[in-house]
Amino acid sequence: KMEPGSLGSKFEDRENPVQQHFIAMTDIAGAKPAPPTPQMFGNAGLEHMKKYGTTKEHLAKIAHKNHKHSVNNPNSQFRDEYSLDQILASKKVMGPLT
């Protein structure tokens, strides 16, 4: 069952498994002045765009679909719905992420 709110670490007794991914990402793309999670997802988006020709419009359509579904999920962290135009016009967080 999905817990409400942001995801937290459940690995108090060992290294977080994401740590190795973060090290590899910074080796490839360098560390940016942004929180780690947006860096990981933003760099993944940039890599996907480069590798497959994905556009910011493709990613915005995914975000639009996700926001439409989150409205009906009481455990969703964000339950606001946004139009495709709002998503495309919103401020960038990291890479293609808005």
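Tutor: The buried residues of α2 pack against α1 (18-29). The model is predicted, so local features need pLDDT of at least 70 and side-chain atom pairs pLDDT 80 or more, whereas totals for chains, interfaces and linings use all residues. Residues are numbered from 1 along each chain as its sequence is written, and side-chain values use heavy atoms, without hydrogens and water.

Student: Which residues of α2 are buried?

Tutor: They are P38, Q39, G42, N43 and G45. Buried means under 20% relative accessible area, exposed over 50%, and partly exposed in between (1.4 Å probe, protein chains only).

Student: What puts them on the same side of α2?

Tutor: They cover an arc of only 155 degrees around the axis, and therefore lie on the same side of α2. The arc is that of the directions from the helix axis to the C-beta atoms. On the face turned away from the buried side are the exposed residues F41, E47, K51 and Y52.

Student: Why does Q39 count as buried?

Tutor: Its relative accessibility is 2%, and the cut-off is under 20%; Q39 therefore counts as buried.

Student: Which residues does Q39 touch?

Tutor: Leaving aside residues up to four places away in sequence, Q39 touches F22, M25, G30, A31, K32, A34 and M94. Contact means heavy atoms within 4.5 Å.

Methods
Helix = DSSP H or I, 4+ residues; strand = E, 2+ residues; numbered from the N terminus.
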